[in-house]
Amino acid sequence: MPSATRKTAPKGLEGVVATTSQICYIDGEQGVLAYRGIDIHELADHSNFEETCYLLWFGKLPNRRELGELHDRLVEERKLDAAIIALLRNAPRHVLPMDVLRTAVSALSFYDPQEKSNDREANIDKAIRLTSQIAMIVAAYDRIRKGHPVVEPDPSLSHAANFLLMLNGNQPSATAERALDIALILHADHELNASTFAARVTAATLSDMHSAITSAIGALKGPLHGGANEAVFHMLELIDSSGAHPIDYIKGMLAEKKKVPGFGHRVYHTEDPRATHLRVMSRDLGNSSGQGKWFEISRKIEEFVNADKKLNANVDFYSASTYHTLGIDVDLFTPVFAVSRVSGWTAHVIEQLDDNRLIRPRAEYVGPEHPNPYIGMDQRS
Ligand SMILES: CC(C)(COP(=O)(O)OP(=O)(O)OC[C@H]1O[C@@H](n2cnc3c(N)ncnc32)[C@H](O)[C@@H]1OP(=O)(O)O)[C@@H](O)C(=O)NCCC(=O)NCCS
């Protein structure tokens, strides 16, 4: 392969195919998303998060025994070193949970029993461990910052139910457990999105799993990526508290050339298939919890933005009202995204290392012409 630069990439690498992958299939024109070829709608209807993790990490659906074993391994890893709990306790109260999560995940490497190993088996173990630990960190930090005791995990519960138990201090209803489970399935992977790309770039230097996942969390935080779900709910709250009509509010945003959070997508030019499920969940949970107003405001916004801007709701739009009705605080929405996406990030790191090459693109230089003479301090204006 020649090392010479071949062509200039489009801004934001739009449309650039940067790797091969066997994990996630997307057809942005048809609105198709599939993990290992299995359609997301089938997974949302029939699978659970643990099974989806198995599919992402091992490339096939588990049989009953394999699923049971993975459940047991995830349960075994529901533990955090006392130093991590101390780190959560010592975090300044004003910082964002997403920042606490990023720093805590980085610190997890200090206490990882396989810290020194970057081989495939160790990375699968780390994927399982990080999936359990990230959920625990998000739940434990929320308890700590509210002055509540950290809740002990319950080995009999699923990943989704255990997370809700550790977050809220009581057993979730079957409806809440299933709703979160579906949300976790829907958020688990999404091909070469910004955070997954960040994870793969870090992994490709032969750094380590914790560094890759820390990079990914940093990328997920931004409002153009995972942070959009928080921006959506802030918008809904502002509309509700101001008494503004949702359409007038959105018209005002667009007049100021602001982007409406939760709309648009780099890859989908039709309905985001994840939004299809989240819309229904938002409506049903809203109705059953007596908080239907968030769905109603959301629906008005969606109809207007669809018609006026020809933009579709993305995964973040209805996940905002869904998470709110599950009792999750707004600044935990993006950390909850990470609770799910760690499964996809880790699968991509393992895949990257299976056939690795350093990811090191070029930049088109558009700065001052070379040679630009060095001017001594006394000669500068
Ligand atoms: C997702 C997103 C970052 C994709 O960005 P992108 O592929 O770089 O697309 P662009 O930002 O270039 O948008 C293309 C056009 O659509 C418009 N557009 C895109 N998303 C929009 C939104 N949410 N609200 C209003 N207009 C939007 C842009 O203003 C631009 O219009 P122009 O060509 O007249 O300038 C972008 O749609 C966005 O910022 N959405 C809001 C944040 C969000 O929900 N992120 C979560 C993604 S899952």
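Reader: Which residue just after α2 takes a positive phi, and of about what value?

Author: This model is predicted, and the answer concerns the position that follows helix α2. The residue there is Gly59, and its positive phi is about 85°.

Reader: How many of the 10 residues of helix α2 are buried?

Author: Helix α2 spans residues 49–58 and is mostly covered. A residue counts as buried when its relative accessible area is under 20%. The number of buried residues in α2 is nine.

Reader: Is Lys221 buried, partly exposed or exposed?

Author: Lys221 is placed in the loop between α10 (209–220) and α11 (228–242). Buried means under 20% relative accessible area and exposed means over 50%. The relative accessible area of Lys221 is 34%, and therefore Lys221 is partly exposed.

Reader: Which residue joins its side chain to that of Lys221 in a polar contact of 3.0 Å?

Author: Leaving aside neighbours within four places in sequence, the contacts of Lys221 are Leu96, Met98, Asp99, Gly227 and Thr334. One of these has a side chain joined to that of Lys221 by a polar contact of 3.0 Å. The residue is Asp99.

Reader: At roughly what angle do the axes of α5 and α16 cross?

Author: Two packed helices are described by the angle between their axes and the distance between the axes. Helix α5 covers residues 97–108 and helix α16 covers residues 333–354. Pro97, Met98 and Leu101 of α5 meet Thr334, Pro335 and Ala338 of α16, and these residues comprise five nonpolar, one polar and no charged. The axes come within 8 Å and cross at roughly 35°.

Reader: What percentage of the ligand's exposed area does the protein bury?

Author: Of the 17 residues around the ligand, those that come nearest include Lys259, Val260 and Gly262. An N or O atom in the side chain of Lys259 is 2.4 Å from a ligand oxygen, while a backbone N or O atom of Val260 lies 2.7 Å from a ligand nitrogen. A polar backbone atom of Gly262 is 2.9 Å from an oxygen of the ligand. Taken alone the ligand exposes 850 Å², of which the protein buries 63%.

Definitions and conventions. Residues numbered from 1 in each chain as written. Predicted model: local features only at pLDDT ≥ 70, side-chain atom pairs only at ≥ 80, totals over all residues. Heavy atoms only, no water. Near = heavy atom within 4 Å. Polar contact = N/O pair within 3.5 Å; in protein donor to acceptor, adjacent residues only side chain to side chain. Areas by Shrake-Rupley, 256 points an atom, 1.4 Å probe, with all protein chains shown as cover. Axes fitted to C-alpha atoms, helices over the stretch in contact; angles between N-to-C directions. Helix = DSSP H or I, 4+ residues; strand = E, 2+ residues; numbered from the N terminus. Contact = heavy atoms within 4.5 Å. Nonpolar A, V, L, I, M, F, W, Y, C, P; charged D, E, K, R; others polar. Buried < 20%, exposed > 50% of the residue type's maximum accessible area, 1.4 Å probe, protein only.
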